[in-house]
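Student: Could we go through this structure together? I would like to discuss its pockets, its surface and its aromatic pairs.

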Amino acid sequence: NIVHGAPSNPLHKVVSHTLGSWLSVYQHVPFAAIIPIMGLLSILGVVLFANRMPKCAFIFSGLSITSIIATVGVTLFPFLLPSSSQPNHSLLVWDASSSESTLCIMLVATLIFVPIILLYTAWIYRVLRGKVTDSSIQSNLNSY
């Protein structure tokens, strides 16, 4: 039984070692294999487009990096930091998540402060708009 309102305790779980368990996600969720395949194909795209179309090669390079990192994340799921010495002390996704009340508080704070930050940024860009020229610096030499 999982109590969703209770604080999580990373030490109250059971983790077991099984041979080949890192790759079991690809047996349970076969379409997850698209991610590593996409990583390999995008590396091939970088090689093919490197001399002819550098912008495409750059896009394929970013896609390959993203796919390779996503492959690690999908393969390790639900582990974030697996422990080799004591598997029960591994950090899982559920151990690292916040409680429902914390998420509600952060939602309210975000709804209040993000518009303030955006308004302040827009105001600063408006106040500091325009080019700085030698004549503008000379005419405002005594202003701080």
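Tutor: The discussion below takes up these topics in turn, and the model is a predicted one.

Student: How much space lies in the second largest pocket?

Tutor: The volume of the second largest pocket is about 380 Å³. Its lining comprises 20 residues, and those nearest the centre are S16, S21, W22, L76 and F79.

Student: Which elements give two or more residues to that lining?

Tutor: These are α1 (25–28) and α3 (54–76).

Student: And what is the lining of the second largest pocket by class?

Tutor: There are 9 nonpolar and 11 polar residues in that lining, and no charged residues.

Student: Is the peptide bond from F77 to P78 cis or trans?

Tutor: The bond from F77 to P78 is cis, and its omega is near 10°. P78 also lies in the loop between α3 and β1. In general, most peptide bonds are trans.

Student: Changing topic, how many aromatic pairs does a search of the whole structure find?

Tutor: The search finds 2 aromatic pairs. In the pair of F49 and F60, the ring centres are 5.6 Å apart and the planes are at 5°, so this pair is stacked.

Student: Which parts does that pair tie together?

Tutor: F49 belongs to helix α2 (residues 34–49) and F60 to helix α3, so the pair ties together parts that are 11 residues apart in sequence.

Conventions:
Residues numbered from 1 in each chain as written. Predicted model: local features only at pLDDT ≥ 70, side-chain atom pairs only at ≥ 80, totals over all residues. Heavy atoms only, no water. 1 Å grid on protein atoms, 1.4 Å probe; cavity = no way out; pocket = protein on both sides within 12 Å on 5 of 7 lines; lining within 4 Å. Points joined across faces, edges and corners; volume = space filled by probe spheres on them. Helix = DSSP H or I, 4+ residues; strand = E, 2+ residues; numbered from the N terminus. Nonpolar A, V, L, I, M, F, W, Y, C, P; charged D, E, K, R; others polar. Phe/Tyr/Trp six-rings, centres within 6.5 Å; stacked < 30°, edge-to-face > 60°.
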